[in-house]
Structures are given as C-alpha cells and as structure tokens.
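Dear colleague,

Please find the structure for your review below.

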Amino acid sequence: MDTDKKNPILREGFLVKRGHIVHNWKARWFMLTPDKLLYYKYEGGKRDSCQRGKILLKDSVITCPFLEYENRPLVFKLQTKHGVDHFLEACSREERDEWAADIRATVNKLQATDNGKLMNQKDPAESHLHNINLSKVLDSMYDVHSGIKLSNHVEQGSNYSNCFSGSAVVDWLVFMQLALTRVEAVTLASALLEEGFLRTVGLRSVEALRTAGLSEQFMDDSTALYGFSDSLKKRGSVKAERSLSAVELSGKVIKRGYLLKQGHRRKNWKVRLFVLRSEPAFLHYYDPTKDDITPVGGFSLRGCLISSLDDNGVPSGVKGNIQGNLFKIITKSDTRYFIQAPTHQEKMGWIDAIREQT
C-alpha cells in the first residue's frame, strides 16, 4: 500500500474495464485514492509505470449490481458527474460489492467535505417491503426481456436446466430497485419462496429450506439453485446441456481471483480469472476479456505439485525479467504452469488453498 498521506491508496487490484470507443474488455490494475480511481496496464507480468487513465469520483454515481451484460453478472457501473459511464467487472460478487462500497464511501466523503457536514445516510434497516405486491414482482421476474435469466447449472455432478442461483435473484432484485439492500432482497425472495412462486432446485437450496428459519429460507449464494414454480408456463427455456467438463465444473468453488499466467507457447503473460474447485479438485482459468463463460483451460489437482518461486532473480522456465510473487504448479502429466499473484499475501493464500486440494 502507498504510504503517501496526501494521496494514500485505499484499495487496489485487478478489474476488467470496458473500452469507451471500442467496446472490448481489458484487464487493468486499479488504484482507489481519496478523490479518483487510477488504472494501469499490465504487460509482461509487470504493471506499466505509465498511468492509462483516471476517473474523478466527485459527484459520481455507482450502480451495483449492473446486470445489462448477460454473460457478465459481476459488473458495476460508475457514472461521473459529466455523464461518462465506466463499466468495471470484478472476479467475484464479494470483490464487486467491496469495490463498489469503497468507491461509494469515497464519493460520500467528497460530498460531505464539499457540504461541510456528513450526508444523511438512509437507514439500511428501513424497509419498503410492506407495500410490495408479490404477484407484480413475479411478473417482472418472469418477463422474457427484462426478467431474470434462465440458465443451466451443475451441482454435485447433476445437471439442472431452466433455473438460476440465489445470488442472481438478489442481484436482479437490487438492480431493478425492488429491494434497497441485499438483506432486503433476501427477505423478499424468501417471501416469494414461501408463497410458492419460486421453488428450490438441487440439494443446497432444499437443505437450506428444510433447516433454516423463516428469515433465512432463501440463500444469497451462487451455488444455491432456484426456479419458477412448476405451475407457471415455461418461458425462454434453455435446453439442458451435457458437457465433457460437467463433472470437473460441478465442484464447490473455494477461491476466485485474477492472476497472471505465462502462456505455454509464446511464453507471454496475461491476466486470467482463476477458479479453484473442490470435490472434484480442479483449477480452471478464464479469459476475462471474452464474453464466453467457459474456461480456456484447466487441470485436475490430483497428484499436482505446487511451489513458491524465489523472488531473487528470474526463475528457470520463466521468460522475461519477471520477478516477485511467482509460484509454479506441476501437474500429474508433468505440465508446468507459472503463475504470478499481485501480492505476496495473495500468492501464499493461493498456494495454501491449492495444497489443501492436492
């Protein structure tokens, strides 16, 4: 972290940003300061010393979640006071919400300083649910154009079609402003479940419904699955798919994050979204610049060896002057993966998490 008291770094890390002119998505290293958001390019496993852009935060507005990108549910929108929209994608819902909360807090502090007093905050406990019509909420969710997206999911090796995750429901309710907070959205979703408008799908949501109290019936969780009541006509149904990778993608997600990976052929370094799963233990990686939700690579962790690489000098097998926070994974088939984490702490966190699965 930067120790400059005048311009301290409040938060930093990888986010994927949509371009303004060419609407492609690129991974950038972002740094949040007390008045702006700075971003840099990563090349060759290093952060470019040249700043690629900055977003002034005074009078900006955050929309989180922002669900208008069908295959990118982890996007939030930052609109500047001049009406310029910036679309940023995190590696997980937790990261997305933390980034949005930190940016929003920074914007509020700037506003408070401007006004000479603290802004009045809306009490999160203050709810407007007592006036809500559940039938109208269901109609909105069911709308083929603006409603919640039906998709295929895999849970513990079983395939489920025409359903959605609990966290996707909560995201949608907040995005559509039918709930003010995620806690309020869970309460609303629990009411829909209790009234029979929604049904549980798969083991995790069924078990949660059986064991939890009324306020905890619905799970804000990406692994808990739900669907519309069987009494409703199917709309926008998607065909059930069976993939060769269905089993390896069915494990519980243990860890997600952006890491840099050295390519096997060109030996160039690129940011990838890594997802660690257990039961079965697999490590997959995705290209965050693509809208494709399937991994570009992955491997079983059974029989793998993982080791931290020395920060002194360039390790054998690593191309270029790449140093710091590197680790190596050797698979059972003797394929070598060289990976770089943004910080030493993140490197050790990944090593420990992977070792627990090998």
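This is a predicted model: local features need pLDDT of at least 70, side-chain atom pairs count only at pLDDT 80 or more; totals for chains, interfaces and linings use all residues.

Residues are numbered from 1 along each chain as its sequence is written, and side-chain values use heavy atoms, with hydrogens and water left out.

Overall content

The protein contains 6 helices and 18 strands; these are DSSP runs numbered from the N terminus, with helices being H or I of at least four residues and strands E of at least two. Of its 358 residues, 45% are buried, where buried means under 20% relative accessible area, exposed over 50% and partly exposed in between, with a 1.4 Å probe and protein chains only. Among contacts (heavy atoms within 4.5 Å) between residues at least 6 apart in sequence, 53% join residues at least 24 apart.

An open sheet of 7 strands has the order 15-14-13-12-18-17-16, with antiparallel pairing; two strands pair if DSSP finds at least two bridges between them. Its edges are strand 15 (297-300) and strand 16 (305-308); each has a single partner strand, so one side of each lacks a neighbour in the sheet. Direction ignored, neighbouring strands here are turned by 30° against each other on average; axes are lines fitted to C-alpha atoms, for helices over the stretch in contact, and angles run from 0 to 180 degrees between N-to-C directions. Within this sheet, strand 12 (residues 252-262) and strand 13 (residues 269-278) are joined by 10 bridges in the antiparallel sense. Arg-256 lies opposite Val-275 of strand 13.

Strand 10 is linked to strand 11 (residues 225-228) by 4 bridges, and the two run antiparallel. Arg-199 has Gly-227 of strand 11 as its bridge partner.

Helix 3 is mostly covered, with 8 of its 10 residues buried; among them are Trp-172, Leu-173 and Asp-171. Just after helix 3, Gln-177 adopts a positive phi of about 65°.

Helix 2 against helix 4

The axes of helix 2 (residues 134-142) and helix 4 (residues 182-194) come within 11 Å and cross at roughly 95°. Helix 2 is therefore roughly perpendicular to helix 4, a class covering 65 to 115 degrees, whereas angles under 35 count as roughly parallel, over 145 as roughly antiparallel and the rest as oblique. Leu-134, Val-137 and Met-141 of helix 2 meet Leu-188, Ala-191 and Leu-192 of helix 4.

Cysteines

A search of the whole structure finds 0 disulfides, a disulfide being a pair of cysteine sulfur atoms within 2.5 Å. Cys-64 is buried at 18% relative accessible area, and Cys-163 is buried at 0%.

Yours sincerely
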